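Colleague: Hi! Could you walk me through this structure, one feature at a time?
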Amino acid sequence: MDRALDRAVHGAPDRAPGTRGGPADGAPPDEPALAPALLTRIATLNFGLGRVDEADREFAAARRRVRDPGLLAALVAQQAYHLAARGECRRALALLDAAAPGRPAAPAHPIAVAARATAIAQLGRCRQAAALCDAALDAGVPPGLPPVIPEPLPALLAARHAALLLAGDAAGARAGIAAAVHGEPPPSRGDRAPLELCLAQAERTLGAVAAATRLARSAEHDLAGTWLHAVAAGELAHLAALRGDRAEAEEALAAARRGASPAARLAGFWAELAEPWVIALRDGQAAGAAAALALAGRARAAGAHGFELLALHDVVRLAPPRSIPCRRAATRLADLAVAFEGDLAKAAAAHARALAAGDPAALTAASRELERIGLPLPSAEAAAQAADLLVAAGREVPARAAHARAWYLGARCEGARTPALARVREPRLTAREGEVAALAAGGLSSKQIAARLAMSVRTVDNHLRAVYLKLGIAGRTELVHVGVRPPSGVGRAP
């Protein structure tokens with residue numbers, strides 16, 4: 001890269017690395033021709049070699065020297081993206097804001113949009129960040145812009161994806177990435193792996209643990225040798241820990257730590273989110289909760305408040321009720337619920353508040369809200385926490401309902417076996433009782449169920465009474481509340 005840049009700047013034969021002279025004819029360099037070598041060299045220093053300070057010095061020197069408005073805009077965009085990727089979100093925004101006024105007219109670079117969206121999502125403006133990315137994706141890449149690294153379209157998709165996850169719209173995040181992965185024309189191999197990694201994060205958030213694992217394994221293989229490999233390894237560690245596979249989780253987490261790069265500090269938080277779950281497997285829930293609280297503190301210190309939010313919710317998912325870590329997480333989540341757009345922060349804060357108070361009714365309400373926004377695994381965990389409190393209070397019937405809810409929701413999560421769900425057992429319904437319960441949850445009357453299953457109405461009602469007793473509920477309207485889902489094509493899923 002040094003030699004290529006030397007040729008672009010000087011129009012001269014290769015010089016020894018580190019030596020620079022002026023153009024042979026005294027003329028200034030052709031800046032548009034210089035752009036690819038200059039921008040690629042800086043990206044290689046930053047992302048490829050992790051020499052972030054040297055990359056910053058190169059940015060500063062180039063911005064003092066460059067006069068071409070297109071190249072200047074690309075330099076500012078790429079530098080802001082580098083800062084955001086390191087977690088220096090406020091510095092990235094300050095750079096973008098300072099570069100806007102008084103500059104020569106130049107098209108806005110999509111990478112600048114991705115940098116701004118990445119930064120403001122971490123500061124709570126998740127919906128605004130996603131809207132910025134949507135507008136830039138709709139507009140496409142303006143012609144004539146100098147190339148930057150990473151490519152604009154994958155960077156915009158990744159920024160939009162993270163913003164939607166932090167807003168609590170995991171389904172929207174999955175849909176956007178899936179459309180890009182499976183769209184026409186198909187992405188290149190180099191672009192597909194980062195998108196598969198994003199898709200794995202969305203699937204995990206939505207409780208599709210097995211699907212997420214397949215995607216993460218594919219991405220981890222294809223990202224070997226890149227700055228994103230550590231993030232993919234961390235995702236595999238997170239998924240293995242959620243499945244209760246300690247050996248695989250520890251091995252993948254070690255790989256993530258070895259590959260961590262200072263250039264990708266923000267993305268590295270995705271990998272760090274695995275650590276509390278691995279520690280919980282090895283040392284118990286309280287240790288995992290303490291690790292999650294420490295991670296939240298590091299994210300807050302870095303200004304990565306989106307990852308602080310995720311880590312604090314993990315504290316709540318791991319901590320004992322009324323414990324000090326839970327109360328501390330609840331206090332901070334109450335602040336983030338005010339600052340963050342979308343449903344996630346508010347739902348996490350309600351979960352924390354209920355567990356800190358040891359209130360099973362509030363935990364059940366939090367479970368329903370987490371389910372509503374598409375988070376079945378934390379929803380199942382909140383129900384399991386409610387069940388434990390009810391058992392401790394000797395309230396057997398509502399405890400059965402909470403246990404049933406935890407089991408049915410957890411069963412949707414493709415093999416997830418988190419600490420909160422370890423004590424949850426499948427309700428002891430017979431095969432016929434389960435079939436009748438599912439049809440009743442879909443809204444069918446006893447007469448309709450009887451006709452469908454070729455039995456009498458009385459038999460259907462007898463089965464339903466047995467179901468209500470075993471699940472600790474009062475009637476068919478509560479079947480959906482404990483998580484019973486109708487079969488495909490019957491009624492509608494909750």
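**A chat about the model**

Modeller: Happy to! In this predicted model, the side chains of Arg41 and Glu58 meet in a salt bridge, with 2.8 Å from N to O.

Colleague: Where in the chain do Arg41 and Glu58 sit?

Modeller: The pair links distant parts of the chain, 17 residues apart. Arg41 belongs to helix α2, and Glu58 to helix α3, which covers residues 52-65.

Colleague: And how many salt bridges does a search of the whole structure find?

Modeller: That search gives 31 salt bridges.

Colleague: How does the lining of the largest pocket split by class?

Modeller: There are 30 nonpolar, nine polar and four charged residues in the lining.

Colleague: Which residues does the cis bond with omega of about -5° join?

Modeller: That cis peptide bond joins Glu184 and Pro185. You'll find Pro185 in the loop between α9 (170-182) and α10.

Colleague: While we're on backbone angles, what is the phi of Arg322?

Modeller: Arg322 has a positive phi of about 65°, although it is not a glycine. Most residues other than glycine have a negative phi. Arg322 lies in the loop between α17 and α18 (324-339).

Colleague: Back to holes! How many cavities of 30 Å³ or more are there?

Modeller: The count comes to one cavity of 30 Å³ or more. About 300 Å³ of space lies in the largest cavity.

Colleague: Which residues lie nearest the centre of the largest cavity?

Modeller: Arg204, Thr205, Leu310, Asp314 and Arg317 lie nearest the centre, out of 17 lining residues. The largest share of the lining, five residues, is from α17.

Colleague: And which helices supply at least two residues each?

Modeller: Those are α10, α12 (229-243), α17 (305-318), α19 (344-357) and α21 (376-392). By class, the lining of the largest cavity divides into eleven nonpolar, three polar and three charged residues.

Colleague: Last topic: helix packing. At what angle do α24 and α25 pack?

Modeller: Helix α24 (residues 446-453) and helix α25 (residues 457-471) pack at about 110°, and their axes are 8 Å apart. Angles of 65 to 115 degrees count as roughly perpendicular, so α24 is roughly perpendicular to α25.

Colleague: Which residues make that contact?

Modeller: From α24 they are Ser446, Lys447, Ile449 and Ala450, and from α25 they are Val457, Val460, Asp461 and Leu464. The residues of this contact divide into five nonpolar, one polar and two charged.

Colleague: Thanks, I'll go and look for those in the viewer!

Key. Residues are numbered from 1 along each chain as its sequence is written. This is a predicted model: local features need pLDDT of at least 70, side-chain atom pairs count only at pLDDT 80 or more; totals for chains, interfaces and linings use all residues. Side-chain values use heavy atoms; hydrogens and water are left out. Axes are lines fitted to C-alpha atoms, for helices over the stretch in contact, and angles run from 0 to 180 degrees between N-to-C directions. Helices (H or I, at least four residues) and strands (E, at least two) are DSSP runs, numbered from the N terminus. Angles under 35 degrees count as roughly parallel, over 145 as roughly antiparallel, 65 to 115 as roughly perpendicular and the rest as oblique. Contact means heavy atoms within 4.5 Å. Ala, Val, Leu, Ile, Met, Phe, Trp, Tyr, Cys and Pro count as nonpolar, Asp, Glu, Lys and Arg as charged, and the others, Gly among them, as polar. On a 1 Å grid over the protein atoms alone, a cavity is a set of points where a 1.4 Å probe fits but cannot get out, and a pocket is an open set with protein on both sides within 12 Å along at least five of seven lines; lining residues have an atom within 4 Å of a point. Grid points are joined across faces, edges and corners, and a volume is the space filled by probe spheres set on the points. A salt bridge is a side-chain nitrogen of Lys or Arg within 4 Å of a carboxyl oxygen of Asp or Glu.
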